[in-house]
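Student: I would like to go through this structure and ask how each label was reached.
Tutor: Go ahead, and take the labels one at a time.

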Amino acid sequence: MLLRHVARPMLASWFVYEGVQTARKPTEHVRAARDGVELVERTAGVDASLSESQVTTLVRAHGAATAVAGLCLGLGKAPRTAALALAVLTLPLAVVNQPFTTRGPERQERTRKFVTNLGAIGAALIAGADYEGRPGVQWRLAKARHDLAVTAHAKQDAVVAGTKGAAHGVAGTAKGVAGTAKGAAKGAKGTVTGRTKGAKSATKGFQRTAKGLGKGAGKAARRAAGAKAA
């Protein structure tokens, strides 16, 4: 989106400028930083005991970090992370510039800086929440839950289907074994019946042969008797 590529450098320019100016000229920010440290000490009841040089070093480091994060945002390098880092880095500025504990002319200047810092934090948070059209974390979590539920349901269906298939397979095997046994029984019965019929046929054949031999012997005897008489 063209607007995104234009808006990011525009937003980052303020952070880069403020960060560079703070790193180059920390003196005008050291007083506000010192007031912020004292406010934290009074609120938290701790003694930071930071020297002037230490506070100056912290101010310079804060300015450099702000400038680097602003450059990353403007160049589109990890823009969401850079924007969230800028929001965190600007939060201490809003704290040290808060106008609620001051009186007189200084309060107006602090109020202006405080409101500016709040606006910068809000803009950085909006930039940090920009997913560039990609699904957000909430949608991804909902989709992951849905995918897990679908996977679990599919596994359950597969287990049920496998159990049913195994039951059908066992039943089919039992039927096959029963059919094989029945066929074997029929085959054995047919073999016995065939052998019985064969024995009967052989017996009848022997009987017919014996009867034929008897008739032949009778005829031979009659012929012999006739020949003797002649």
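Student: What makes L75 count as exposed or buried?
Tutor: The relative accessible area decides: buried means under 20%, exposed over 50%, and partly exposed in between, with a 1.4 Å probe and protein chains only. L75 has 65% relative accessibility, so L75 counts as exposed. This is a predicted model, in which local features need pLDDT of at least 70 and side-chain atom pairs count only at pLDDT 80 or more, while totals for chains, interfaces and linings use all residues. Residues are numbered from 1 along each chain as its sequence is written, and side-chain values use heavy atoms, with hydrogens and water left out.

Student: Where is L75 found, and how far is L75 from P9 in space?
Tutor: L75 is in helix α3, residues 52-75. From C-alpha to C-alpha, L75 and P9 are 7.1 Å apart, although 66 residues separate them in sequence.

Student: How many helices and strands does the protein chain have?
Tutor: There are six helices and zero strands, and the pattern along the sequence is α-α-α-α-α-α. Helices (H or I, at least four residues) and strands (E, at least two) are DSSP runs, numbered from the N terminus.

Student: Why is the pair R8 and D130 called a salt bridge?
Tutor: The term requires a side-chain nitrogen of Lys or Arg within 4 Å of a carboxyl oxygen of Asp or Glu. The closest N and O atoms of R8 and D130 are 3.6 Å apart, so the pair meets the definition. R8 lies in helix α1 (residues 2-24) and D130 in the loop between α5 and α6, so the bridge ties together parts that are 122 residues apart in sequence. Both residues, R8 and D130, are buried.

Student: How many salt bridges does the structure hold?
Tutor: Two. R112 also forms one with E109, where the closest N and O atoms are 2.5 Å apart.

Student: Why are R112 and E109 separated by about one helical turn?
Tutor: Because R112 and E109 are three residues apart in helix α5. R112 has a relative accessible area of 47% and is therefore partly exposed; E109, at 38%, is also partly exposed.

Student: Which residues make the nonpolar surface patch?
Tutor: L2, V6 and M10 make a nonpolar patch of about 340 Å². Patch residues have over 30% relative accessible area and no salt bridge; nonpolar side chains (Val, Leu, Ile, Met, Phe, Trp, Tyr) are joined within 5 Å, like charges within 9 Å.

Student: What makes the patch of K211, K215, K219, R222 and R223 positive?
Tutor: Lys and Arg count as positive and Asp and Glu as negative, while His and the chain ends are not counted. The patch is formed by K211, K215, K219, R222 and R223, so it is positive by that rule. K219 is in helix α6, residues 137-229, and at 47% relative accessibility K219 is partly exposed.

Student: How do you know that I126 is exposed?
Tutor: I126 has a relative accessible area of 65%, and therefore counts as exposed. I126 belongs to helix α5, residues 105-128, and its C-alpha is 8.3 Å from that of A83, which is 43 residues away in sequence.

Student: What percentage of the 230 residues in the protein chain is buried?
Tutor: Buried residues make up 20% of them.

How values were computed: Areas by Shrake-Rupley, 256 points an atom, 1.4 Å probe, with all protein chains shown as cover. Charge placed at Lys NZ, Arg CZ, Asp CG, Glu CD.
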